[in-house]
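Work through the exercises below with the sequence and the 3D view open. Try each task before reading its solution.

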Amino acid sequence: MSWYRNLYRKLHFDYHTPPSVPFVGKGLDPDRFVKKLAEIGCQAFNFFAKDVFGNCYWDTKVGNKHPYLDKDLLDEIVQAAKRYGVRVIAYYNVQDLINAQKHPEWRHRGHPNVPGSEGYYVCFNSPWTEEVLLPELRELANYDIDGIFFDFLYVHKPCFCNWCESLFRKEFGKEIPKSTDDPSWLDYIKWLRSINEKILTRICDVVHSINPEILIAVNWAYTPRQPAIPNDCIGYLTLDINEMRCPILEASYHARYFDQLNKPFEIMNTRFLRWWGDWGIKPLEQLLAECATIVANGGTCIIGDHLYIDGSCEQAVLDVFSKVFKFIRSREEYLFTKSVPYVAVLLSIPNANSQKRIFADDTPLRGAHRLLIENNIHHDIVTDAVLLDKIHEYKLVIVPSQRYLSQEIMHSLRDFVLNGGSLLMTFDSSVGDSDNFMLSDLLGIHLKEHKPIKLGYLLPLHEGLNKGIPKAPIFTKGEFLDIDVINADVLAYCLRPYIPSRSGLPREEWLGAGYGSPIFDKKYPAITIRRYGKGLVAYVNTNIFATYYNYDNWMLRKLMSNLIDMLIPEKLLEVKASPFIEVSLRRNDRYIVIHLVNWHVGRTSIMPLIAEHLLPVNNVSIKLKLKMQPKAVKIVPEDEGTLEWHYEDSYLYAKVNGIKIHSMIIIEI
Ligand SMILES: [Zn+2]
């Protein structure tokens, strides 16, 4: 097992320094710096080998060393790290702006017909790779470093430079299409994605031929926006979450996704108020809640910081990190676990690959994740290969608007339901390029109309679906498909919106002026359920998860919770708590862990959402199916809440009070 798997306390120090800065590194004493890191409990840290400008921080003979750096900073850091027993990962940014300026012919080139394609950095397909990147890495791999963290090592914009054109022509016998509407645009996008893997393999070969122990990591590789099976040469997975969105949701979503990819992984958050472009300090409780979310979902923590321009470090921030590390350390003994299969949310790789964009739209996945989190339901986010491997261990599989599904997955879903599993599919899942659902017979419905209707209302028919919701049509600002029910029960109808004919006045399409008001005369089937073999299949005709993610209608969350209740009559784990408690169920051979993470933001007028003072949550009730009476049940850390429990008829019942940030219920088996 990789040493990396068990290092939960890591730091990353950004140090992008313009070449004009004369006092670069003058404020950094490597020995004192690393000694302090060791003292606060830091086990590994990312240190700059090469910044975004292309300045190298080691004595390079082939690259551009920072013009004012008068020592081999990387070497001094590495030597100090060895003295204090701390691991060092070299940070390497591939944008290399200095070389992009020196060699305009190596530069990425956008095209005016493709909006957003412009960018200023070197292209991987140019001679830069052979002339700069690989020679630099040969030097770097000779340092006693433990890993290399690559930043921006993926194609993130369409490129039309001469090198890309010539390679594309060699393979496809034609020019790169200059419009996203071009029929061969998707081929081009696939080709761009393949470049990521080619360059990574090349890098790994070079680095590992010198030192096979160096772990290679690529920021944002293999994430839901570019899903794929990780290359074997990758040492661990990593990403710095986008904190301009909700940091807690970002951390949880990506951790649950990475956790299924069978590689050690870390999630990077920062100490800043507004992410990287900022020198502020987050409230401690926010930082703790982020780290708790990461470790509760199988990840390890790495917190990002900036060095000041002279290379010095803010001591007060190190003191904050010290507190965070103490918090993590008090939980570490119980973190080496695997997620218990219960509910799976499928990310179909063929679906992501069918999108004509470099970064796939994963909103339905994000919405399903958020909705489940806020219903206190433990779940995994899985790709095709993982699901095929262990589908029968799950009680429920959710397919959230995944239009393209592989034949193997569809076969496996059918088999899963026949044998007693529950399946929930939404919107255009399995439609592919066809006129109907490919799984029409399994769902018991037909697709009547291909073109979605924008806006509508869900009208639950079944009492069970209406629990806790006002009995009014549920306003749903999403898209609806028109279906025919062949062999299923209708649990909810949908209503169409009233669209007045235009008379040329402004505000005629304003929802506040009657537009979109529900039409009650005619109802259309929206949510269906049927028994198939020993299992249950439900279908929802609106893109409910994406709508929940984008529009926040709490009634949709309740409705889906009620539907999931019907789909899982016998629950493995049932937690009753406020939507602010994230639940994760993990285990190893000796114990089961129920993680409860509390996070709720205060008032704010700007993003990102940050919590300054978390209020303890009480009255959390837990019911866990457990074949045998547990040897012991306890709460860890012991001052993070109180626990009462008893065991009866194959269930563990527990009540937890006073969850401040993160309580773990440890059940010895
Ligand atoms: Zn190019």
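**Exercise 1. Domains**

Which domains does the domain assignment of the protein give?

Solution. The model is a predicted one. Its domain assignment gives domain 1 (3-329), domain 2 (341-571) and domain 3 (574-668).

**Exercise 2. Where domain 1 touches domain 2**

Find how many residues each of the two domains gives to the contact, and describe the side that belongs to domain 1.

Solution. 
- Step 1: Start with the distance. The centres of domain 1 and domain 2, taken over C-alpha atoms, are separated by 37 Å.
- Step 2: Count the residues. Domain 1 contributes 20 residues to the contact, and domain 2 contributes 21 residues.
- Step 3: Look for the elements. On the side of domain 1 that touches domain 2, α6 (185-210) and α7 (247-258) are the elements that give two or more residues.
- Step 4: Sort by class. The residues on this side of domain 1 are 12 nonpolar, 5 polar and 3 charged.

**Exercise 3. Helices α7 and α11**

At what angle do the axes of α7 and α11 cross, and what is the orientation called?

Solution. 
- Step 1: Helix α11 covers residues 363-374, and its axis comes within 10 Å of the axis of α7. The two axes cross at roughly 105°.
- Step 2: Angles from 65 to 115 degrees count as roughly perpendicular, so α7 and α11 are roughly perpendicular to each other.
- Step 3: From α7, Leu249, Ser252, Tyr253 and Arg256 take part; they meet Arg366, His369, Arg370 and Ile373 of α11.
- Step 4: By class, this contact has 3 nonpolar, 2 polar and 3 charged residues.

**Exercise 4. Helices α8 and α9**

Describe how α8 and α9 pack, giving the angle, the handedness and the residues that meet.

Solution. 
- Step 1: α8 (residues 284-296) and α9 (residues 315-329) have axes 10 Å apart and pack at an angle of about 35°.
- Step 2: Their crossing is right-handed.
- Step 3: Leu284, Leu287, Leu288, Cys291 and Val295 of α8 meet Val320, Lys323, Val324, Phe327 and Ile328 of α9.
- Step 4: The classes of this contact are 9 nonpolar, no polar and 1 charged residues.

**Exercise 5. A sheet of 4 strands**

Give the strand order of the open sheet of 4 strands and trace one of its pairs.

Solution. 
- Step 1: The strands follow the order β21-β24-β27-β26, and the pairing is antiparallel.
- Step 2: β21 (573-576) and β26 (642-648) are the edge strands, each pairing on one side only.
- Step 3: On average, neighbouring strands of this sheet are turned by 15° against each other, direction ignored.
- Step 4: β24 (residues 620-625) pairs with β27 (residues 651-657) over 6 bridges. Within this pair, Ser621 stands opposite Lys655 in β27.

Definitions and conventions: Residues are numbered from 1 along each chain as its sequence is written. This is a predicted model: local features need pLDDT of at least 70, side-chain atom pairs count only at pLDDT 80 or more; totals for chains, interfaces and linings use all residues. Domain bounds come from an automatic or database domain assignment. Two residues are in contact if their C-beta atoms, placed from the backbone, lie within 7 Å. Ala, Val, Leu, Ile, Met, Phe, Trp, Tyr, Cys and Pro count as nonpolar, Asp, Glu, Lys and Arg as charged, and the others, Gly among them, as polar. Two strands pair if DSSP finds at least two bridges between them. Axes are lines fitted to C-alpha atoms, for helices over the stretch in contact, and angles run from 0 to 180 degrees between N-to-C directions. Angles under 35 degrees count as roughly parallel, over 145 as roughly antiparallel, 65 to 115 as roughly perpendicular and the rest as oblique. A crossing is left-handed if the near helix is turned anticlockwise from the far one by less than a right angle, and right-handed if clockwise.
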